[in-house]
2 protein chains.
Amino acid sequence: MAMKKVLVTGMSGLIGKALRKQLEGKYELSALNRSDVPGVTCHRADITDLEAIAPAFAGQDTVVHLAAVIARGEGTWESLLNGNVVGTYNVFEAARRAGVKRVVFASSGATIGNYELVEPYKAIAEGRYDQVPPTWEKLTHTSPVRPGDIYGCTKVWGEALARAYSDSYGMSMLCVRIGAVRPADKPEAPRQFSIWSSHGDIARLLEACVEAPPELKFDIFYGVSNNKWSYRDMEHAREVLGFTAQDNAEDHR
Amino acid sequence: MAMKKVLVTGMSGLIGKALRKQLEGKYELSALNRSDVPGVTCHRADITDLEAIAPAFAGQDTVVHLAAVIARGEGTWESLLNGNVVGTYNVFEAARRAGVKRVVFASSGATIGNYELVEPYKAIAEGRYDQVPPTWEKLTHTSPVRPGDIYGCTKVWGEALARAYSDSYGMSMLCVRIGAVRPADKPEAPRQFSIWSSHGDIARLLEACVEAPPELKFDIFYGVSNNKWSYRDMEHAREVLGFTAQDNAEDHR
């Protein structure tokens, strides 16, 4: 049986590299990237240009869309508008035109980041665990969004667009609200003990989305490790995808 | 006591005209509009140009942002991107820079429009009332979004941005998911018996948002009349704003 063809945007980034490692040998991988990605078929183009990126999508089974202005607090309005608002539209639209059946979209915990302004999420993010009440509720994929900044708003946009593309065209559009993935692959600040994801966990979760049943047409999952103090629900990913994170921020105290 | 200063974008539109009629004499009104609006102070500029619109916001207490590519199904991607994504950012940003304390944002029922693809909302929208089960739940302001199209996605974007501006700058940002407001001021298709709003009801609801307590920093309300078959919850507006719609689509059967 031929290997499934998977196109990854932003493969040169931190998460892109982790995902490549996870998928290599199991899928026919290619990259859509501004800079060259050695050792893999790479279409060099900028996602702000729909016509330029179109050829990369031909014949693909699944697209994993990671390319973006990636970090909360980064980016001017213009770069977020072009890279995340227009860029995400272009990727979804190019996928649709090419008949791609599934897009896995790298959303972000920034979609709900401002819950950290209110308790108990504030205490958790600040590591004041003795001030967290005995019972409290994790945020789920159906909690109303509360974006941390304009970057977070661009990810809400991407999720809304994913929902509309799924309904309108029958495409499977799966969103992963990625947490804090760090170059050193360990939590480095108090709030990261809640929202950290290891390279391995995020790569495995993205792979689980690639492998999800075709009938799964739309969903949103959080992407964090199996952290004791996570305020982001991972039960939904377990129930729907059978995914369980393997790493735990507490192992890095 | 001086009258409160209210700037209305898109005053020349159908809802803008109804709102003007409702507010005139009670507020010091001005318009931000591409075309001239006779009889009122009118700043002529396009909301796609942040610098050009800035002067209109000086000294305003409240902005009611109606200007947009307004109808579901209308508009190219470029016009939606410029008019609704960039335009809404520009209006919120101009308001912030001018120190405006409140923005009332004309969102849309299109943010949840694709619930009409599934029962019981489908049956209700199609007027098949005998196929609606005895008990069912209205959509509330916390139901996950399900935009009907890209137009709906731009309104989800506006709501997310409103949330972020409220959290980041302490501005009061109130979103109204406007239903079907018609030139003839009556429902004209089966689904409009559910989602119709009279001119009077939408104008009164927008005024209720202008008049809401300053402590109300963010919220989302549906804007439909008191329709027997509404699937959009109006209880939240009643509880928070004390607003009750006066008209009913059934009176136009």
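Q: Hi! Let's start with a helix pair: what are H3(B) and H5(B) to each other, parallel or perpendicular?
A: Hello! In this predicted model, their axes cross at roughly 15°, so H3(B) and H5(B) are roughly parallel to each other. The cut-off for that label is an angle under 35 degrees.

Q: Where do these two helices sit in the chain B numbering, and within what distance do their axes come?
A: H3 of chain B covers residues 77–97 and H5 of chain B covers residues 150–169. Their axes come within 10 Å.

Q: And what is the handedness of the crossing of H3(B) and H5(B)?
A: H3(B) and H5(B) make a right-handed crossing. From H3(B), the contact takes in B:Trp77, B:Leu80, B:Asn84, B:Val85, B:Thr88, B:Tyr89, B:Phe92 and B:Arg96. The H5(B) side includes B:Ile150, B:Trp157, B:Gly158, B:Leu161 and B:Tyr169.

Q: What classes of residue are in the contact of H3(B) with H5(B)?
A: There are 12 nonpolar residues, four polar ones and one charged one.

Q: OK, over to chain A. What angle do H3(A) and H5(A) make?
A: H3(A) and H5(A) pack at about 15°, and their axes are 10 Å apart. That angle makes H3(A) roughly parallel to H5(A). The crossing here is right-handed.

Q: Which residues meet between H3(A) and H5(A)?
A: On the H3(A) side, among them are A:Trp77, A:Leu80, A:Tyr89 and A:Phe92. On the H5(A) side you'll find, among them, A:Tyr151, A:Trp157, A:Leu161 and A:Tyr165. By class, this contact has 12 nonpolar residues, four polar and one charged.

Q: Now the dimer contact. How many residues of chain A are in contact with chain B?
A: 21 residues of chain A are in contact with 22 residues of chain B. Helices H3 (77–97) and H5 (150–169) of chain A each supply at least two residues of the chain A side. The largest share, 10 residues, comes from H5(A).

Q: What's the class breakdown of the side of chain A that touches chain B?
A: That side divides into 14 nonpolar, three polar and four charged residues.

Q: Changing topic: what is the strand order in the chain A sheet?
A: The chain A sheet is open and has seven strands, in the order S3-S2-S1-S4-S5-S6-S7, with parallel pairing. Strands S3 (41–44) and S7 (218–223) of chain A stand at the edges with a single partner strand each, so one side of each has no neighbour in the sheet. Neighbouring strands are turned by 20° against each other on average, ignoring direction.

Q: How many bridges join S1 to S4 in chain A?
A: Four bridges join S1 (residues 5–9) to S4 (residues 62–65) of chain A, and the two strands run parallel. A:Leu7 stands opposite A:Val63 in S4(A).

Q: Which strands does H1 of chain A touch?
A: H1 (residues 14–23) of chain A packs on the sheet and touches S1, S2 (28–33), S4, S5 (102–108) and S6 (172–178) of chain A. The direction of H1(A) makes about 165° with that of S1(A).

Q: At what angle do H1(A) and H7(A) pack?
A: H1(A) and H7 (residues 199–210) of chain A pack at about 65°, with their axes 9 Å apart. H1(A) passes H7(A) in a right-handed crossing. The H1(A) residues in this contact are A:Ile15, A:Ala18, A:Leu19, A:Lys21, A:Gln22 and A:Leu23. H7(A) contributes A:His199, A:Ile202, A:Ala203, A:Arg204, A:Leu206 and A:Glu207. By class, that is seven nonpolar, two polar and three charged residues.

Q: What does the chain B sheet look like in terms of order and pairing?
A: Chain B has an open sheet of seven strands in the order S3-S2-S1-S4-S5-S6-S7, with parallel pairing. The edge strands are S3 (41–44) and S7 (218–223) of chain B, each pairing on one side only.

Q: How many bridges join S1 to S2 in chain B?
A: Five bridges join S1 (residues 5–9) to S2 (residues 28–33) of chain B, and these strands run parallel. B:Leu32 in S2(B) is the bridge partner of B:Thr9.

Q: Which strands does H7 of chain B lie across?
A: H7 (residues 199–210) of chain B lies across S1, S4 (62–65), S5 (102–108), S6 (172–178) and S7 of chain B. H7(B) runs at about 165° to S6(B).

Q: Last one: what scores does the predictor give the complex?
A: The complex gets an ipTM of 0.97 and a pTM of 0.97. Chain A averages a pLDDT of 96, with 98% of the residues scoring at least 70. Where pLDDT is low, predicted coordinates should not be read in detail.

Terms used. Residues are numbered from 1 along each chain as its sequence is written. Chains are lettered from A and ligands numbered from 1 in the order in which they are written. This is a predicted model: local features need pLDDT of at least 70, side-chain atom pairs count only at pLDDT 80 or more; totals for chains, interfaces and linings use all residues. Two residues are in contact if their C-beta atoms, placed from the backbone, lie within 7 Å. Ala, Val, Leu, Ile, Met, Phe, Trp, Tyr, Cys and Pro count as nonpolar, Asp, Glu, Lys and Arg as charged, and the others, Gly among them, as polar. Two strands pair if DSSP finds at least two bridges between them. Axes are lines fitted to C-alpha atoms, for helices over the stretch in contact, and angles run from 0 to 180 degrees between N-to-C directions. Angles under 35 degrees count as roughly parallel, over 145 as roughly antiparallel, 65 to 115 as roughly perpendicular and the rest as oblique. A crossing is left-handed if the near helix is turned anticlockwise from the far one by less than a right angle, and right-handed if clockwise. pLDDT is the predictor's confidence in each residue, from 0 to 100.
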